[in-house]
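Trainee: Hi! Could you walk me through this fold while I have it open?
Mentor: Happy to, let's bring it up.

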Amino acid sequence: MTETGGQPLEYQPSPDNRGRVWEGRAATCFYLTENVPKELREGRFYDLLVQCVLPTRRGAGYSVTFHIELLDGHSFVTLTHYSSPKSLLLARSWLDECVQTHERCRSRQEDTSWCPTRLLNIAQNERLETTVRLINTDQEKPAGPYGTVTHRWGFTDDDKERVVLTQATYPTLFKGILLSSMPRLFQDIITVAHELGLRYIWIDAFCIFQDNNNNNDWHRESSLMQRVYSNSYCNMSAADANSCSGSLVKARKTSLIAPAVAEHNDKKCIVWDPIFWRREVILALVNTRGWVLQERVLSPRVLHFGKRQIIWECCEHSAAESFPAGVHPRIFESQHTLSKERDLFFDTKRTYADREGEELKLYYLWANLVESYSACKLTFQSDKLVACSGLAKIIQARIKDKYVVGMWRRYLEHELLWVPRPLGASQKKTNHLPSWTWASLDGRCERDPVQYYDTFLYKVESVNLQYASDDPTGDILPEGRLHLRGILMPTILVQTTHDQPDLYWKVIIEDVELEGSTRYVHRFVKAEPYRDGSPVWLNHYQKSFDVENTEGKIFAMPAWMNTYGIGTQRSVMTILLFRLLNAENALYERLGIFKQCDESCKLIFAMREDANGERRKSRERVPCVEFKRGCILL
């Protein structure tokens, strides 16, 4: 990439979400000055537009906007290897500054005297070889703080033979082993930990028994994850290591690390990427894993070993080798990115409920967590609740609410209205959790934030759960039950000719075909109906419901309604879909969810209100626990 009238600048396009690689750096680059206000053009900040092309597809291209700022006191570090002394000295300086001066970060450590059940002690033998020894902290109290590790699981065939903690290897680890006998990733991490001044480190593969028949230890230790990471001195994240057999350190192209320096109007400027944080941290390989989210949020300090450089993240400071004095604030302002320094998502110590009118922010915080967490992947879907239980414990302590398999009891009517994303995605149910919780799906889910003015058309009567351990934020046993009271209306779902047949369905409720959901265009001013059916977000895609339609097993329950707008008011309604599983026991499963607007919304509401009229007899025949005043308990 070449800046017009200046020195060459390098930009490495990243693969997109379809795995396509935008090769090459050739681009047309120019300063955006024509549409920029004069005061901005004459000031410190400019924009640089880069046009990139896809060589494998003619005509394909995209634009990248870089920010430019006058060079004034910026310092950069350009190094050749993560393990070089200068890189580690820089990391040590970030850590020392945080420990000595950051009050918010110190307060995040709940109890500095607390220790995990087991730790690895890093030492040297008489031959100056690094050794690692497993200690039981109730028998041998650590003489200093401990660090933690975030990594992806997986081993090569050679590393499968190396030591991890099992009943068979416990005596060997307790006696001590050479660092060189561990998988490569852990060798690198322990070396870095030692250089940072840490004598103790917690690694799950060595501090939790990995035997398949030792579930008791797993349940006990996994319930302590919140304390393990919250009290960590520093968490080291192997952000770009694909497995435990990979390397933490990599050779890299130094010209892609430091922001480029260019000349504009005879002034030196730095050029930096506004999506730097998203590319280097949010989309890092390890941060796509489910367990990692709570590890990153709970840890007071995180040192990311990324694909291109080392990055620092704590509650008061974000830095990188590109920005050793601190990541440029416009990087965070340019788009929504999660960072410990700026995002309330990470401020697990702050109590909004203590301030009048801000209680709901904690529930909004949880909604953001669910959306981010559900988009991550888990090796074992049975870990779905356990892998976020540490965060649930912190939120629960602040809102004083009952935790219900990934949701909260006080606003459970709202929490049940989650939507699988993206549109039309075929989600997979791969665990034993009940269909009414988002945690039952392997895929991203989201919901609107709780509002004080929400109007619900149904009610949660009771929740019956049995837990797999003493931890109510952990896993549950199968057959979790939820009792709802509302209007249950016989429904038919018919395939459409829409170009997205997995999303759009003709909905027929009590023999009345809905016209289709309304979509809004032109800034919500003009409303147009969908031409063929309505968007229905199914828990799991099913090509046809002919059998269920014939047997009368699909039912709709209006759940939420709201009217908004000034002048011309519009209505919106959310409807839950259920499938009858067992008529004798009135047992249903959640099938999906859809919305209706304006006239269709009013029509459904009128049908719902007719529960004691001409539709009463047909609704009395719907399998239920109780039929009372036109409402069904199921």
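**A strand and its neighbours**

Mentor: Strands E6 and E9 run parallel, and three bridges join them. Keep in mind that this is a predicted model.

Trainee: Which residue in E9 stands opposite threonine 148?
Mentor: Asparagine 235 does.

Trainee: And how many bridges join E6 to strand E8?
Mentor: Three, and E6 and E8 run parallel. In that pairing, tyrosine 146 stands opposite tyrosine 200 of E8.

Trainee: Is E6 enclosed or open to the outside?
Mentor: Strand E6 covers residues 146-150, and five of the five are buried, so it is largely enclosed by the rest of the structure. Tyr146, Thr148 and Thr150 point one way from E6, while Gly147 and Val149 point the other way.

Trainee: What sheet do these strands belong to, and in what order do they come?
Mentor: The sheet is open, with nine strands in the order E7-E5-E4-E8-E6-E9-E12-E13-E14, and the pairing is mixed. Strands E7 (177-178) and E14 (318-320) stand at the edges; each has a single partner strand, so one side of each lacks a neighbour in the sheet.

Trainee: How does E7 run relative to strand E5, parallel or antiparallel?
Mentor: They run antiparallel, joined by two bridges. Threonine 131 has leucine 178 in E7 as its bridge partner.

Trainee: What lies across the other end, E14?
Mentor: Helix H2 (residues 85-101) lies across strand E12 (301-305), strand E13 (310-314) and E14. H2 runs at about 5 degrees to E13.

Trainee: Switching topic: which residues of helix H8 are buried?
Mentor: In H8 (residues 215-222), those are Asp217, Glu221 and Ser222. They cover an arc of only 115 degrees around the axis, which puts them on the same side of H8.

Trainee: And what covers them?
Mentor: The cover includes strand E4 (118-124), helix H9 (225-230) and helix H14 (389-399).

Trainee: I was also eyeing serine 243. Where is it found?
Mentor: Serine 243 is in the loop between strand E9 (235-237) and strand E10 (260-264). Its relative accessibility is 15%, so serine 243 counts as buried. Leaving aside residues up to four places away in sequence, serine 243 touches Arg152, Trp153, Gly154 and Leu185.

Trainee: Last one, zooming out: how many helices and strands are in the chain?
Mentor: The chain has 18 helices and 34 strands. Of its 634 residues, 53% count as buried. The chain exposes about 29400 Å², with carbon and sulfur atoms supplying 49% of that.

Key: Residues numbered from 1 in each chain as written. Predicted model: local features only at pLDDT ≥ 70, side-chain atom pairs only at ≥ 80, totals over all residues. Heavy atoms only, no water. Helix = DSSP H or I, 4+ residues; strand = E, 2+ residues; numbered from the N terminus. Buried < 20%, exposed > 50% of the residue type's maximum accessible area, 1.4 Å probe, protein only. Areas by Shrake-Rupley, 256 points an atom, 1.4 Å probe, with all protein chains shown as cover. Arc of directions from axis to C-beta. Contact = heavy atoms within 4.5 Å. Pairing = 2+ DSSP bridges. Axes fitted to C-alpha atoms, helices over the stretch in contact; angles between N-to-C directions.
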